[in-house]
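Let's walk through this model together, one question at a time. Have the sequence and the 3D view ready.

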Amino acid sequence: MEFKKICISGLGYIGLPTASMFATNGVQVLGVDTNPGIIEILNSGGIHIHEPGLGEVVAEAVESGNLRVAGTPEPADAFIIAVPTPFFEHDLGEYEGQVYKKADMRMVTSAAQAIVPHLRKGSLVVLESTSPPRTTVDLLVPILEGSGLKAGVDFYVAYSPERVLPGQILRELVENARVIGGLTPESAQAGSDLYATFVRGEIHMTDATTAEMVKLMENTYRDVNIAIANEFSRLAERFGVDVWEAIQLSSLHPRVKILSPGPGVGGHCISVDPWFFVESAPDLSRLIQRARQVNDAQPEFVMSLVHKALGPDLTGRKIAALGLAYKPDVDDLRESPAVEVVHLLTKAGAVVKAFEPFKPDAKIAGVQLVPTLAQAVADADALLLLVNHTEFHQMNVEVIMTLTPARVLIDTVNGWARMDWVREGFELFRLGVGK
Ligand code: SAJ
């Protein structure tokens, strides 16, 4: 199939780079977002997210005349839905006394409804948003059939998960293998033809529900593996071991690769997606649920480390919290465990000044953010490393000594495991180190 014009709903971390890729590869693209602020920024030549190289690609796409943005869809040969699927904050489910989170699919629903008036015979609709198993068949298809056309007969429907890593999105969009799950084999083929426009990785065709499950399995696998690393950090501390050394030595085994412990699991993917399994089949996903609970409780474990460093009473203690992003070298603060740690410290009476180099002017309720490292550490009793940003783990001991009176360092991500701190008179407390 040939696609001259496509419409992409949702211009976030996935939709915007995807729209730009199609546009720079000769396809006319209408990018759709319901947030007028985003449309305004894009129309004035800017971008609203931090992703290496994205600004240049968007500019190229706009200059080519192939990328336009608007608040509502238009008729097109193909429609891609790439809107967020967060979970409900307060509407929780319960199974045998265990509480679980439920997906908020309202943005997928309204994006699909907005496409309905523009569907034609032969159109293709692809859902990219991470979704609970069977969403394509049970939620998307009935909405689209509101057009009076029959899915799989009159128009094509597919699910294709995005799998790109924030920070490396542009490279991974092109190079990663793509899975395309069709409602019918013809739908999968149509999806494959569409993405072949710019994808250089292998394209694998399957059915829609398998493709949905593949996505959830990938992120759940990672979450469970991070949970075991986090549990190892607690065990190591109990047994007087350095978990980082133990992980390094265990990973010498040819079939073992242990991930890194830390303050918890954040972002809008790994800390969210496993719940989609739990919500859909709580009786069959007990391990997945436990892993989520272990990772969600990791900020509390960080608190025990802070108490070890500063004593049982944190009232009035001044702490410089370094890094608020959900992982190193990104500006994304969503579901960040670092933010959770700052909230817990504040609740315990500490006076926290937080510094996030990738978003120095961010506004977060209940968090005092300062725009520079110097301001964060100026009168601190302790420095708390929450995100292993390159600029933090490359910090120069001599410079830091001149910026702060603090001589207590608390490291939750193994960014400061250097002897020169200790040599210069700092006390270093590392997560997962009981030695
Ligand atoms: N983390 C650890 N320890 C580790 C690795 C990560 O604590 O060893 C933490 C990070 O600090 C972060 C969280 O886990 O808080 C998630 O980070 P991540 O780098 O593992 O993943 P994301 O959320 O940035 O991107 C993931 C990727 N999925 C997998 O690696 C299986 C990406 O390929 C997906 O496209 C993305 O989710 C998504 O959009 O679903």
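**Aspartates, ligand and loops**

The side chain of D332 reaches the backbone nitrogen of R334 at 3.0 Å. This is a predicted model, in which local features need pLDDT of at least 70, side-chain atom pairs count only at pLDDT 80 or more, and totals for chains, interfaces and linings use all residues. Residues are numbered from 1 along each chain as its sequence is written, and side-chain values use heavy atoms, with hydrogens and water left out.

Q: Where does D332 lie?
A: Helices (H or I, at least four residues) and strands (E, at least two) are DSSP runs, numbered from the N terminus. By that naming, D332 belongs to the loop between β11 (318–322) and α13 (337–347).

Q: Is D332 buried or exposed?
A: Buried means under 20% relative accessible area, exposed over 50%, and partly exposed in between (1.4 Å probe, protein chains only). The relative accessible area of D332 is 3%, so D332 is buried.

Q: Which side chain does the side chain of D332 join in a polar contact of 3.5 Å?
A: A polar contact is a pair of N or O atoms within 3.5 Å; within protein, one must be able to donate a hydrogen and the other to accept it, and residues adjacent in sequence count only if both atoms are side-chain atoms. Contact in general means heavy atoms within 4.5 Å, and, leaving aside neighbours within four places in sequence, D332 has Y13, H268, A325 and Y326 in contact. The polar contact of 3.5 Å is made with the side chain of H268.

Q: Which residues come nearest to the ligand?
A: A residue is near a molecule or strand if one of its heavy atoms lies within 4 Å of it. There are 20 residues around the ligand, and those that come nearest are E162, K215, N219, R222 and Y326.

Q: At what distance does a polar side-chain atom of R222 lie from an oxygen atom of the ligand?
A: For N219, a polar side-chain atom is 2.7 Å from a ligand oxygen. For R163, a backbone N or O atom is 2.7 Å from an oxygen atom of the ligand. For R222, a polar side-chain atom and a ligand oxygen are separated by 2.4 Å.

Q: How much of the area that the ligand exposes when taken alone does the protein bury?
A: Accessible areas come from the Shrake-Rupley method with a 1.4 Å probe; for residues, only the protein chains shown count as cover. Taken alone, the ligand exposes 760 Å², and the share buried by the protein is 86%.

Q: Which helix gives the largest share of the shell around the ligand?
A: By class, the shell has nine nonpolar, four polar and seven charged residues. Here Ala, Val, Leu, Ile, Met, Phe, Trp, Tyr, Cys and Pro count as nonpolar, Asp, Glu, Lys and Arg as charged, and the others, Gly among them, as polar. The largest share, five residues, is given by residues 208–239, helix α8.

Q: Which backbone nitrogen does the side chain of D193 reach?
A: D193 sits in helix α7 (residues 185–195) and is partly exposed at 24% relative accessible area. Leaving aside neighbours within four places in sequence, D193 has M1 and F3 in contact. At 2.7 Å, the side chain of D193 reaches the backbone nitrogen of M1.

Q: How far apart in space are D193 and F3, C-alpha to C-alpha?
A: In sequence, D193 and F3 are 190 residues apart. In space, their C-alpha to C-alpha distance is 8.5 Å.

Q: What is the phi of R134?
A: Most residues other than glycine have a negative phi. R134 is in the loop between β7 (124–127) and α5 (135–144) and, at 41% relative accessibility, is partly exposed. R134 is not a glycine, yet its phi is positive, at about 85°.

Q: How many disulfides does the structure hold?
A: A disulfide is a pair of cysteine sulfur atoms within 2.5 Å. C7 is buried at 1% relative accessible area, and C269 is buried at 17%. The number of disulfides in the structure is zero.
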